[in-house]
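Here are my notes, written as I would go through them with you at the screen. Have a look at the model first, then read on.

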Amino acid sequence: MIRPLALTLALAMAPLPALAHKVIGGAYADGALIEGEIGFSNGDMAADALVEVFDPAGTRLGETRTDGDGIFTYRPTAAVAHVFRADLGAGHVAEFTLSADEVAAILDSPAARAAAETGAAPGTGDETGAGNPSTFPLDRAPAGAASGALAAVPLVAAPGLSDTDKAEIARIVRDEMRPLRREIAAYRERNDLQSILGGIGYIAGLFGLGFYIAARRRLKG
Amino acid sequence: MHIVDGALAAPVVIGGAVLAVGGVARGLRDLTLEKIPAAGMLSASFFVASLIHVPIGPSSVHLILNGLAGLVLGWAAFPALFVGLLLQAVFFGFGGLTVLGVNTLNIALPAVIVHYLCRRGLARGTPRIAALWAGMGGALAIALTALGVGLALALSGEAFLPAARLVFLAHIPVMAVEGLLTAAAVYLAAQVKPDLFATVQGPQR
């Protein structure tokens, strides 16, 4: 009587998707900002979570918060590796690093320079690059600062496409990439049959070895 | 259930590792020739069980089956569950290598506790009574594991009560499912192979 019960129980549970429930996150450049996202590997995003930013030595650089879709932005001020850390409670911690090179590239980007010129990014004194008229803010986040920079920087370059178009294209590409990036992250977390069978194989081998050793010891003794 | 890398303070991680090493050493002494096949089976079931997710609300929890492992293996549950956890960390990225000790302790210690609490009930009596004890043992093991996770988080700075309550509440469905599953497994074992528990407990080396 209990055997069919156990069987139905097992069968009823088998079709459940094998979701790992891990915290995943990533950060990437978004104009003058670092944009990142944090979520669980089953697709839920971490809404309104505190994200703390550290340098590699563990000094706290600042903090930010995720929005309802688990996305946060952070404006870097120093070209060091940024370690993002979010504690989602109950032992769920996301930690990921944006390397110093990437942060330097962000700080060196036209958008960051323009933002620095308008004083929106203090602390980047050596990176202001004041004499570059062809640069244009790609930054869309602080609308006030960006429009200020818009007026300040003359439009020189960009044959064919206006810089507003470029900024818009960059934004569209980023938006289009986001689900893809999420899918890749989810794919990486997927547990396929191969690793499951591989793990079982390891267990069988390990305990087989243990059995062999124990058996030999007993035969000797 | 698995605490991930970086969630715990260093002293907690080190303390957990030391205690887990002790537990595994104690368990290996207990791992007799008779127990090894059973330990391997339970290790494999534990390894796979974590992939069966019970969705609750926004999150999901998975089966652990440490109660069953403890009931059958006693101290030998330590090495068995340690191997399962190690492979889960390597293959699936559940938990992590640095917190392996804490996770082992959180999952295997309840198994041992349940073993000592329930072995009398399992050894004597009808399969029905054995199943009853096993069901309680299975549920209790999860409760203790949730408590352990809450404690580990609390020692690392999170306020104990909210953290523990969250973990505990999330695992109430698992406790129910796991209790039923353990009871069913033990009932089956008691019917088909009543000497399983006797053999496995059997002659010490």
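**Notes on the model**

1. Chain A has 6 helices and 7 strands (helices are DSSP runs of H or I with at least four residues, strands are runs of E with at least two, numbered from the N terminus). Along the sequence, chain A reads α-β-β-β-β-β-β-β-α-α-α-α-α.

2. A word on the source: this is a predicted model, where local features need pLDDT of at least 70, side-chain atom pairs count only at pLDDT 80 or more, and totals for chains, interfaces and linings use all residues. Residues are numbered from 1 along each chain as its sequence is written, while chains are lettered from A and ligands numbered from 1 in the order in which they are written.

3. Of the 221 residues in chain A, 29% are buried (20 or more other C-beta atoms lie within 10 Å of the residue's own, with C-beta atoms placed from the backbone).

4. Now for the largest nonpolar core, which has 76 residues (such a core is a set of buried Ala, Val, Leu, Ile, Met, Phe, Trp, Tyr and Cys residues joined through C-beta atoms within 7 Å). Ala69(B), Ala77(B), Leu81(B), Ala108(B) and Val186(B) touch the most other members. Helix H6 (residues 127-155) of chain B gives the largest share, 13 residues. Apart from this core lies another of 19 residues, including Ala27(A) and Phe84(A).

5. What does Ala77(B) contact, leaving aside its neighbours within four places in sequence? The list is Gly27(B), Ala69(B), Gly70(B), Ala108(B), Ala111(B) and Val112(B) (contact is C-beta atoms, placed from the backbone, within 7 Å).

Methods:
Buried ≥ 20, exposed ≤ 12 C-beta atoms within 10 Å, placed from the backbone. Contact = placed C-beta atoms within 7 Å.
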